[in-house]
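Biologist: Please take a close look at the helix packing in this model. Then carry the account on to the ligand site.

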Amino acid sequence: MALTGVEIFKLLPKTNCKKCGQPTCLAFAMKLAQRQVSLDQCPDVSEEAKQKLGEASAPPIRPVSLGAGAKAVKMGEEMVLFRHEKKFVNPCAFAVEIKDTLSAADAARKIEEAAASEIDRVGQKLRVDALFLSNDSGDAAKFLELAKLAAARAPEMPVIVSTTSPDAAEASLGQFAGKKAVLYGANAGNLQAMAEKAKAAKATLGIAAKDIDELCELTEKAKALGIEDMVLDSGARSAGEILRDNTYIRRAALKKNFKPLGYPVITFANRPGDTLLEALVAGLAVEKYASIVVLGTAEKWKNLALFSLRQNIYTDPQVPMQVQQKIYKIGEPGPKAPFMITTNFSLTYFIVSGEVENSKVPCRLAVMDSEGLSVLTAWAAGKFTASKIAQFITESGVEGELEQKELIIPGYVAILSGAIEDKLAGWKITVGPREANGIPAFLKARAV
Amino acid sequence: MPFTPPKDSFSGKIFEVGIGRGEKAVTIGGENVMPFHGFEGSAPGKPAVAFEVQDIPPDDWPDTVKEVFKDVSGDPVTWASYCQDSLGADAIALRLAGTHPDRGDISAEQAAETVKKVLDAVKVPLIILGSNHAEKDTAVLVRAAEAAKGTNSVIGKAQEANYKTIAAAAMANGLKLIAMSELDINLSKQLNILITQMGFDKEKLITDPMCSALSYGLEYTYSVMERIKQAALAQNDAVLQPPMLADVGMYVWKVKETQAAEADLPEWGELAGRGIAWEAVTASSFLISGAELLIMRHPAAVSAVKKFIAEFSMEVR
Ligand code: B12
Ligand code: SF4
């Protein structure tokens, strides 16, 4: 269990020397208990205390990086079981499996497909994050070829090297020096040798157990062998097994501070020949606690669905996703183009801008900061009021771009039109349709 | 260190609600654990998936899903029979879309006729839905309820604005009732309380906390469902113990991702697969967050969701 502030205080020097930046040792202890400071900020703490506190103050799920550099993915550090309690921290990585039994051309095509998967969505860049290279052939030479291909074609992409052969592991890991790869495939039969290879290559060790009991045994042994960074596979494959094991693992780590399971989880969703079912199982993995989700294929439409789901599940329940306040141009609006306003809730923005695009009528769309609330919610919360709208429009300077000063407001806030007209001298306020799907017809009717 | 699975057990239990009659009747709910957590408690019922059928041709559905039904969707009876006989529907959800004042304003009497005909033609349970026009629904659903008297069908949706009439009609005709509120656990609880205060049996309710589509508010529905389920189980809050509905199809098949051509957005990939995945991923996510009853449109999405459900009782390793 995590230590309380008072328990931590007992282990500190109690000199109140303030070198940690806190007024007293007790204050420091309290902050430490809430994980707001880190132990190394106290220079005088004893070795014994360090050891005891290090264990207790470490996050319940160890932070581990997948890959290095710009495309590295952070894993672990989760603090809750349900997203409404607190934001899920580190969005899981999607890894697509490339087998070394594929022809070089097919493997290259798959690697490039994954590397080119990036899309922009609600202002975030989303992509297939990693390659899962698997030594299906059992042949070390073939596996090395695949590793070389991946290193050449997708040099920045994080890699998971999957084999049960320590020799094949060593050769392939050689292609990813300094890249913080994962070596997946450590089991009861090869643990020691695999641990050595992972250590030598500074790779994370992926434990492949047959059930949770064995998983605990193996992580403890690996730890005794000096391995710090691990990812866990309990052997779960069906949806039911994944839900059960991932739930047990997350609960054990968070509620019991059970160290042998305090690592990120890797979940296998591959469903050869049934890519749609694979999407659903991957969705379960996104929702239920995987840090790496292994996929068999990466079709664009499937990626889009999974990226969107991950984005939904990992948004902060207290802070809605927002877009930047500004006047967006859709198409190439001239001085006569319609000018509309909405709020900066990303959902609202995307629906409205999507419909404006559908209409094919070039427009200016003013997106006002309303702390990420929808039109009606923002209005009810006093964040989308006549005076705020007037101020925003005036300060934006958009007036100079327009031939006539006309502002179209959402139909749901028709009630604001008079008040805005009062505050925006010389402007005409037009009430648009209530639902965004009425926008195309509305704009087209105006255009004639 | 030996591993002891950290199991959760709860004092509360979701009501078991039976719908329909005869051999094809379906029971949902009954679990005393979070969704699919049969490993730490009991989860007797399997979620059911209803196919959506409309009283008027689905002109507003995108091609991907409209095409599938093009030979049957001209007539609700043919359409419903097709879903039952050829697609293996657990249930049929008949949406009386044509009663909406903007979509034909079909009369309550005529709608009730349609309900009767469909009931005569199919054996699987029927879910009767209005057009979501609070005022018109009161008239339509009262007549529809009379037409469905004694069939143990489901009727809805009762909302804050019209629950009194609709709940009374459901009660008088022995039907199960869907109560819908807007994405808020307290509103949902409030509506269930109001309905039960009229003397309506809480064990005959189905809660619709309001659905949404992937990328269009899914996270709100997802979390409201999880919170309702937790309150029902952990706090043993009886008002929140009815099973939940996710009315997936109507939210999914209107978003851009299920309609935009690949030619316009090549980075989104193939349209048909994308639309089907949008519906299936949305639906399966709500199963994980707590829905026991789904209303869906595309057969390929339904069949994927069914396979997904089956995987929860499968050991593969
Ligand atoms: C989810 C939700 C919330 C979430 C916030 C979500 C968010 N990021 O905004 C939470 C739970 C935090 C919330 C809180 C509150 N909410 Co609230 N909320 C909702 C709910 C269920 C959905 C809102 C939503 O996401 N809509 C989807 C977006 C896309 O809709 P939209 O922004 O309006 O955009 C649409 C149209 O307006 C149009 N449109 C948008 N821009 C433009 C521009 C132009 C030019 C045109 C033509 C059209 C157009 O297109 C869009 C699609 O059709 C609604 C009920 C409902 N069904 O609407 C209530 C609702 C908006 N909330 C309401 C209220 C009162 C509140 C609270 C004050 C109290 C409460 N009841 O909880 C608080 C205030 C928050 C605060 N900080 O103080 C009321 C508002 C009542 C009213 N008529 O004034 C509603 C209607 C619920 C109700 N019936 O009571 N809420
Ligand atoms: S630096 Fe260490 S000893 Fe000094 S006040 Fe802070 S906690 Fe106490």
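Modeller: Helix α4 (residues 104-115) of chain A and helix α5 (residues 140-153) of chain A have axes that come within 10 Å and cross at roughly 40 degrees. That angle makes α4(A) oblique to α5(A), given that angles under 35 degrees count as roughly parallel, over 145 as roughly antiparallel, 65 to 115 as roughly perpendicular and the rest as oblique. The crossing of this pair, α4(A) and α5(A), is right-handed; a crossing is right-handed if the near helix is turned clockwise from the far one by less than a right angle, and left-handed if anticlockwise. Axes are lines fitted to C-alpha atoms, for helices over the stretch in contact, with angles running from 0 to 180 degrees between N-to-C directions. Helices (H or I, at least four residues) and strands (E, at least two) are DSSP runs, numbered from the N terminus.

The model is predicted, so local features need pLDDT of at least 70 and side-chain atom pairs count only at pLDDT 80 or more, while totals for chains, interfaces and linings use all residues. Residues are numbered from 1 along each chain as its sequence is written, chains are lettered from A and ligands numbered from 1 in the order in which they are written, and side-chain values use heavy atoms, with hydrogens and water left out.

A second pair joins the two chains. Helix α10 (residues 275-287) of chain A packs with helix α10 (residues 299-310) of chain B at about 55 degrees, their axes being 9 Å apart. Consequently α10(A) is oblique to α10(B), and the crossing of α10(A) and α10(B) is right-handed. In the loop between α10 and β12 (292-295) of chain A lies Tyr289(A); Tyr289(A) has a positive phi of about 80 degrees, although it is not a glycine.

Turning to the ligand, residues from chains A and B surround ligand 1, so the site is shared between chains. Among the 31 residues around ligand 1, those that come nearest are Thr342(A), Thr348(A), Ser374(A), Val375(A) and Glu435(A); a residue is near if one of its heavy atoms lies within 4 Å. By class, this shell has 22 nonpolar, six polar and three charged residues, where Ala, Val, Leu, Ile, Met, Phe, Trp, Tyr, Cys and Pro count as nonpolar, Asp, Glu, Lys and Arg as charged, and the others, Gly among them, as polar.

Polar contacts, pairs of N or O atoms within 3.5 Å, complete the description. A side-chain N or O atom of Thr342(A) is 2.7 Å from a nitrogen atom of ligand 1. For Glu435(A), a side-chain N or O atom is 2.6 Å from an oxygen atom of ligand 1. The largest share of the shell around ligand 1, five residues, comes from α13(A).

Note on methods: Polar contact = N/O pair within 3.5 Å; in protein donor to acceptor, adjacent residues only side chain to side chain.
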